[in-house]
Amino acid sequence: MNSLTDHLTALTTPTPYNAAIAHPFLKSAGNLSLPAIRLALYLSQDRIYAAQAYPRFIAQLITKIPLDDPKADPLATRTLTLLVGCLTNIVREVAFFDTTARTYNLPLAHRDWRERKATRDYTAEMARVGALTSLEEGLVFLWAMEKVCSIATVRSFARQNRSQVYLDAWSTVYHSLPEQSITEAGSQADLTAKAIRDLSYNWSNPDFVQFVQDIGVLVNDYFTPVMEGQYLAGRSASDALGRAEAIWARVVELEAEFWPDEGEEDTLLWQGVTNCRLKVLPMKLNLRRWPTGLVRHDSQGTD
């Protein structure tokens with residue numbers, strides 16, 4: 001019997017999966033040709049997602065957990081533990097964005113950038129799913145978000161056939177990075193290259209991979225009855241499976257649109273905000289969002 005996550009990642013979606021994990025933005029990041037100002041645009045939009053939409057979405061899912069049902073207690077407790085961990089870790093994620101911006105001289109403040117339509121579409125869909133769908137469907141959405149981003153990072157660099165969008169996206173970038181060392185200081189390009197290394201590692205390291213796998217295991221446990229042809233939460237197997245497939249396809253579409261296109265940085269930067277200036281700091285603070293427990297703080301040199 002196939003698991004739900006295996007079933008979803010084997011589907012052909014209306015928006016090709018490759019569009020979400022091999023966007024030109026990611027390819028430019030992988031070969032270190034990505035302009036600092038476009039990276040700043042991306043981080044500014046991802047910060048909106050992380051600081052505003054993500055906590056609200058996770059909180060909505062928590063309210064759907066049937067903690068008053070003794071029969072569902074083991075699965076419910078696992079779900080609550082995972083989602084509380086998501087909230088704890090997203091606080092570190094936002095701090096990581098801010099530290100990266102300061103360290104590598106990237107304008108990240110909300111006052112610096114207009115909000116992209118793709119950002120509004122993504123956060124609106126998160127709000128809709130969190131408010132109107134079941135806990136099971138919300139968990140599929142959560143898994144799909146993290147999966148696609150992580151695969152994009154890995155697949156470009158390692159050329160591996162992996163699944164889950166955010167993991168896949170940034171894993172691609174991390175494994176595509178050139179081997180040659182980056183000079184310690186001297187140009188904004190050097191700082192941007194170091195920022196890309198930090199970011200791609202943050203979203204493709206083994207702890208984040210494990211986090212995505214943990215969500216996938218939980219999702220598969222919820223959907224085992226569906227994959228066996230049984231009802232789930234009052235829906236027939238075909239209906240529940242169709243809704244999960246629609247969520248997966250929608251996340252792939254949203255992720256593909258979330259990567260900024262070339263030239264957008266010129267139209268979305270608020271008037272009066274200038275391009276990045278060189279600012280070298282002696283060390284970087286790597287705040288990892290997805291450790292094997294909760295969160296790890298590492299101070300590292302700038303190699």
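Q: Which residues form one aromatic cluster?
A: F25, Y42, Y49, Y54, F57, Y122, F141, F258 and W259 form it. Rings of Phe, Tyr and Trp (its six-membered ring) pair if their centres lie within 6.5 Å; planes under 30 degrees apart count as stacked, over 60 as edge-to-face and the rest as tilted.

Q: What kind of model is this, and how is it numbered?
A: The model is predicted; local features need pLDDT of at least 70, side-chain atom pairs count only at pLDDT 80 or more, and totals for chains, interfaces and linings use all residues. Residues are numbered from 1 along each chain as its sequence is written, and side-chain values use heavy atoms, leaving out hydrogens and water.

Q: How many aromatic pairs are found in the whole structure?
A: The search finds 12. One of them, F25 with W259, is stacked, at 5.7 Å centre to centre and 20° between the planes.

Q: Where do F25 and W259 sit in the chain?
A: F25 is in helix α3 (residues 24–30), while W259 is in the loop between α12 (237–258) and α13 (264–268), 234 residues apart. Helices are DSSP runs of H or I with at least four residues, numbered from the N terminus.

Q: Are those two buried or exposed?
A: Both F25 and W259 are buried (under 20% relative accessible area; exposed is over 50%, partly exposed in between, with a 1.4 Å probe and protein chains only).

Q: Changing topic, why does T192 count as buried?
A: T192 counts as buried because its relative accessibility is 3%. T192 belongs to helix α9 (residues 188–202).

Q: Which residues does T192 touch?
A: Leaving aside residues up to four places away in sequence, T192 touches L34, P35, A36 and L39; contact means heavy atoms within 4.5 Å.

Terms used:
Helices (H or I, at least four residues) and strands (E, at least two) are DSSP runs, numbered from the N terminus.
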